[in-house]
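I opened this notebook to keep track of what I looked up. The entries follow the order in which I went through the model.

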Amino acid sequence: MDEDSASIAAEIGTEYKYGFHEEEKHTFRTKVGLSRETVEEISAQKNEPTWMRDFRLRALETFLKKPMPHWGGDLSHINFETITYYLRPTDAKYSNWDMVPEEIKHTYDKLGIPEDERKFLGGVGAQYDSEVVYHSLKSQWEAKGVLFLSPEEAVLRYPDLVKQYFGTIVPPGDNKFAALNSAVWSGGSFIYVPKGVKVDIPLQAYFRINAKNMGQFERTLIIVDEGAFVHYVEGCTAPIYSSDSLHSAVVEIIVKPGARCRYTTIQNWSTNVYNLVTKRAVAYQDATMEWVDGNIGSKLTMKYPAIYMLAPGARGEVLSVAFAGKGQHQDAGAKVVHCAPHTSSTITSKSISRNGGRASYRGLCKVMHGADDCRSRVVCDALILDEKSRSDTYPVIEVDAERVSVEHEASVSKISEEQLFYLMSRGLSEDEAAKMIVTGFVEPLIKELPMEYAVEMNRLIELEMEGTVG
Amino acid sequence: MSATPLLAIEDLHVKVAEKQILNGVNLSLNRGEVHVLLGQNGTGKSTLAYAIAGHPNYIVTQGRILLNGEDFLALAADERARRGVFLAFQAPIAVPGVSVANFLRTAYQARFHGAVVPATDKTGGQSSGFSVIAFQKKLLAAMKGLKIDPALASRYLNDGFSGGEKKQMEILQMALLQPVLAMLDETDSGLDLDKLQVIGEGAARLAQEHNMGVLVITHYKRLLSYIKPTNVHLLLDGRIAVSMGPELVDELEAKGFEYIKNTYAKRSA
């Protein structure tokens, strides 16, 4: 085991490194490691009804039985025994701002993050006072019958709705990390949009900021009823320092006939984090599901947003951008499964590897028997910026229906010398020219983001290109 | 009158991909002059332009290039551009995802405001005296003057552009960047007559307005009916074999390379 791996192994297994011990007497924390007792304590802390507690316990059994996946990234250093699985959300991660790593502070500076936000993002102080903004938006949504709560609240206040859908799209048995999440989930969002309601402003987890939403094991469930529309935005471009090194979220989405849902994620976890996410949506008749997925941070991300098109006219779209820098492996992609005729999907994946980073596209396009007259198009472009870096593509195409059109286009390139010279011949320095070319490369995705995110993403890419971002 | 020419090329030898292309080119060009470089394919006309612009693959093995008396060989391509050297490419490359407007604004800032304002600058560049709105107006006016469809400004640079549109883009850049030395590399190739007229007249007007020094590389006479040459050179065997006034163009057309070479090459230095 080389030096790097050894230090990572030490990090994942340890508890909070920075000045946390002072807080212990005020904090509720489960004992280290994962046991029945841990899961029961978590459920008790949330005052959950028996059915949810039992769901967790069954999931725990599943988790303990399942083997680790042997594909994707290197998961060999995760030690489940030494992780803390639950921390009551109102506790700070650091006792003070000085403890936050320099490079993180430097990035906040460069991105122009306001003072209050910096402390929160850096893990100091669990509450961000955006209550004022949030409250006025909240009342607008409530007036329309839109539910936007934490999953814990939803379990208590809308149990029937939760019971109907929770765990139906991503069952605990789906994979080891879905089972883990199902056992120890905490925080996330529960959203229900009533028939015909179109929520014009993107719902952002950011508004409900507190440590719950940035947690290790978020569980999100979104139900978009017939003819409705919602755009949900999760994450933020500023790097989030997390001393929790295992993040395993589950997102389930149901898009009913004629409805549309867009789910945008920008992930920029600090580079000690293993980010293993299961995201899956089902789209019914004439329904549209769109995943917009930006992966910038983390040590290893394994994430393949999926769309199951279950009825004719359903459409799925995935836009994915991954940036893999030093010591990073972005193993990302998408899954589109056509289960009904006359459905269509597109996947656009753009990846950039730099400074020894590794970006992989892993995708599935499956057209089931009877799903005739379907169309699918996959475009995956990789940009490798230097000789140390790496890019892989693992596409799988399975077609078992008639009159189906499936296209797969892939390209790998480096920054073209001719493009560099062209831009330099107009007065841009080599660095500026490279930045411009890279920004142009990811532009098809950037333009799909809400404006503030687009601006921040561009800034972030520029900073990444300078190599000053932590 | 100043003795220092705008552009002085002294005994220039240039190698590309291990092949010696230029073998001692001498040229002196002043502001307000239009020099035409003629020669058969592969003789090194574009090579000269690329060497002046500073393309890394074009290696100067001997000789000097001076702009306003300053040694150019010590400078990188972007530094040369910021001093006002402009090359209108024969086959401009596409840069997907980068809009024409964004690109032009960035190049303009580099040329006139010393440095490109980073995106993180919250003043929108005001700190360096640059105004986005003022630039936007300039851009639209320039596009109008060259009869370029304003919709092109939001398209990605040269991406999916026709040959004519790409050439228009080059001259648009020339209009905004106002170089002191403009090199036009086969700007007339692939253009239909209408576009040629607009571009030709546009380039001529710009050159005159800003008293530019112009180097035109071409095979054909057509462009020269809009941009009137003051000096005409024939490039042969990696050297300038013949230098004369505008009459050389007609003579070459009428009598061909061999005749010109045999008649004049011995006479010129």
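Which residues of H12(A) are buried? I found Tyr453(A), Glu456(A), Met457(A), Leu460(A), Ile461(A), Glu462(A), Leu463(A), Glu464(A) and Met465(A). A residue is buried if 20 or more other C-beta atoms lie within 10 Å of its own, exposed if 12 or fewer, and partly exposed in between, with C-beta atoms placed from the backbone.

Ground rules. This is a predicted model, in which local features need pLDDT of at least 70 and side-chain atom pairs count only at pLDDT 80 or more, while totals for chains, interfaces and linings use all residues. Residues are numbered from 1 along each chain as its sequence is written, and chains are lettered from A and ligands numbered from 1 in the order in which they are written.

Chain A. I noted 12 helices and 19 strands; these are DSSP runs numbered from the N terminus, helices being H or I with at least four residues and strands E with at least two. Of the 470 residues in chain A, 52% are buried. Among contacts in chain A with a separation of 6 or more, 84% join residues 24 or more positions apart. Two residues are in contact if their C-beta atoms, placed from the backbone, lie within 7 Å.

Helix H12 of chain A. This helix covers residues 451-466, which is 16 residues. I read 23 Å from its first C-alpha to its last, close to the 22 Å expected at 1.5 Å a residue. The expected span is 1.5 Å times one less than the number of residues.

Lys435(A). I located this residue in helix H11 (residues 430-446) of chain A. Lys435(A) counts as buried because it has 24 C-beta neighbours inside 10 Å. Leaving aside residues up to four places away in sequence, Lys435(A) touches Glu462(A) and Met465(A), and both of these are on the buried list of H12(A).

Chain A against chain B. The contact takes 24 residues from chain A and 23 residues from chain B. On the chain B side, helix H2 (77-82) and helix H3 (100-112) each supply at least two residues. I sorted that side into 14 nonpolar, 5 polar and 4 charged residues. Nonpolar covers Ala, Val, Leu, Ile, Met, Phe, Trp, Tyr, Cys and Pro, charged covers Asp, Glu, Lys and Arg, and the others, Gly among them, are polar.

Ala53(B). This residue is in helix H1 (residues 45-53) of chain B. Why is Ala53(B) counted as buried? Ala53(B) has 22 C-beta neighbours inside 10 Å. Beyond residues up to four places away in sequence, Ala53(B) touches Ser425(A) in the other chain and Ala77(B), Arg80(B), Val85(B) and Leu87(B).

The sheet of chain B. Four strands form an open antiparallel sheet in the order S2-S1-S4-S5. Its edge strands are S2 (19-29) and S5 (70-71), each pairing on one side only. Strands pair if DSSP finds at least two bridges between them; S1 (residues 7-16) and S2(B) have 8. Leu7(B) stands opposite Leu29(B).

Domains of chain B. The assignment, automatic or from a database, gives domain 1 (7-94 + 160-264) and domain 2 (95-157). Their contact takes 14 residues from domain 1 and 18 residues from domain 2. On the domain 1 side, H5(B) gives the largest share, 9 residues.
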